Amino acid sequence: MITATGGNEHPTEGSANLVDGNTGTLYKFYNAAMSSEQSITLTYEQARSMDAVAIAFENVGASDSIGFAFSYSILARNGDGAYDTIVDHATANRTDNCAQQYKFLEKTYSEVKIVMHSCTN
C-alpha cells in the first residue's frame, strides 16, 4: 500500500490520483499553490527495493495553448532516513515531454518525494 500526501491539493483531484495506476487522472495543486515550491510524498507501508521511478504529467496532445512547463526533482528516503536525489531539477511539459522514466542502482527506500520547483506558462 502507498499513501500519498501533498501540500495544498484540489478537493476533487487530490493525492489518491497519484497512486491509482491511471495516467488519465490528475493531481492538481489548489488555490494557486504553485506560486511557491510544493512537494508530494509517497510513503510505502514497508520499505521496498527500487531501481526505477516514472512520472507523468497531464498530456494535452500535440499542442498546448497555455504552454505549461514544470521543473521538478525526485528524492527517495533510504534506510538511514536521509534522502537520495534520484532526479535533480528535470523539466517536463504537457505535450512531447510529459512522461519520463528514470533508472538507477537498486536500493531500498521507504518513501519517494516529488518536489515541484515551478509551474510556468
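## Surroundings of Ser71

In this predicted model, Ser71 makes contact, beyond its neighbours within four places in sequence, with His89, Ala90, Val115, Met116, His117 and Ser118. Ser71 itself belongs to strand β3. Of the residues it touches, His89 and Ala90 fall in the range of strand β4, which spans residues 83-93. Val115, Met116, His117 and Ser118 fall within strand β5, residues 99-120.

The relative accessible area of Ser71 is 12%. Because buried residues are those under 20% relative accessible area, Ser71 is classed as buried.

## Strand β3 and its partners

Strand β3 covers residues 69-78, and eight of its 10 residues are buried, so that the strand is mostly covered. Its pairing with β4 is antiparallel and comprises eight bridges. Within this pairing, Ile74 has Val87 of β4 as its bridge partner. The two strands form a hairpin with four residues between them. In the turn, Gly81 adopts a positive phi of about 90 degrees.

Strand β3 also runs antiparallel to β5, to which 10 bridges join it.

## Aromatic pairs

Four aromatic pairs are present in the structure. One of them is formed by Phe57 and Phe70, which are stacked with a centre-to-centre distance of 4.6 Å and 15 degrees between the planes. This pair links distant parts of the chain, since Phe57 lies in the loop between β2 (38-56) and β3, whereas Phe70 is in strand β3, 13 residues apart. Phe57 counts as buried because its relative accessibility is 14%, and Phe70 likewise counts as buried because its value is 13%.

Phe104 and Tyr109 form an aromatic pair with edge-to-face geometry, at 6.2 Å centre to centre and 70 degrees between the planes. Both Phe104 and Tyr109 are buried.

## Aromatic cluster

Phe57, Phe68, Phe70 and Tyr72 form one aromatic cluster. The cluster includes Phe57 and Phe70, the two residues of the stacked pair. Tyr72, a further member, falls within the range of strand β3, residues 69-78.

Definitions and conventions: Residues are numbered from 1 along each chain as its sequence is written. This is a predicted model: local features need pLDDT of at least 70, side-chain atom pairs count only at pLDDT 80 or more; totals for chains, interfaces and linings use all residues. Side-chain values use heavy atoms; hydrogens and water are left out. Buried means under 20% relative accessible area, exposed over 50%, partly exposed in between (1.4 Å probe, protein chains only). Two strands pair if DSSP finds at least two bridges between them. Contact means heavy atoms within 4.5 Å. Rings of Phe, Tyr and Trp (its six-membered ring) pair if their centres lie within 6.5 Å; planes under 30 degrees apart count as stacked, over 60 as edge-to-face and the rest as tilted.
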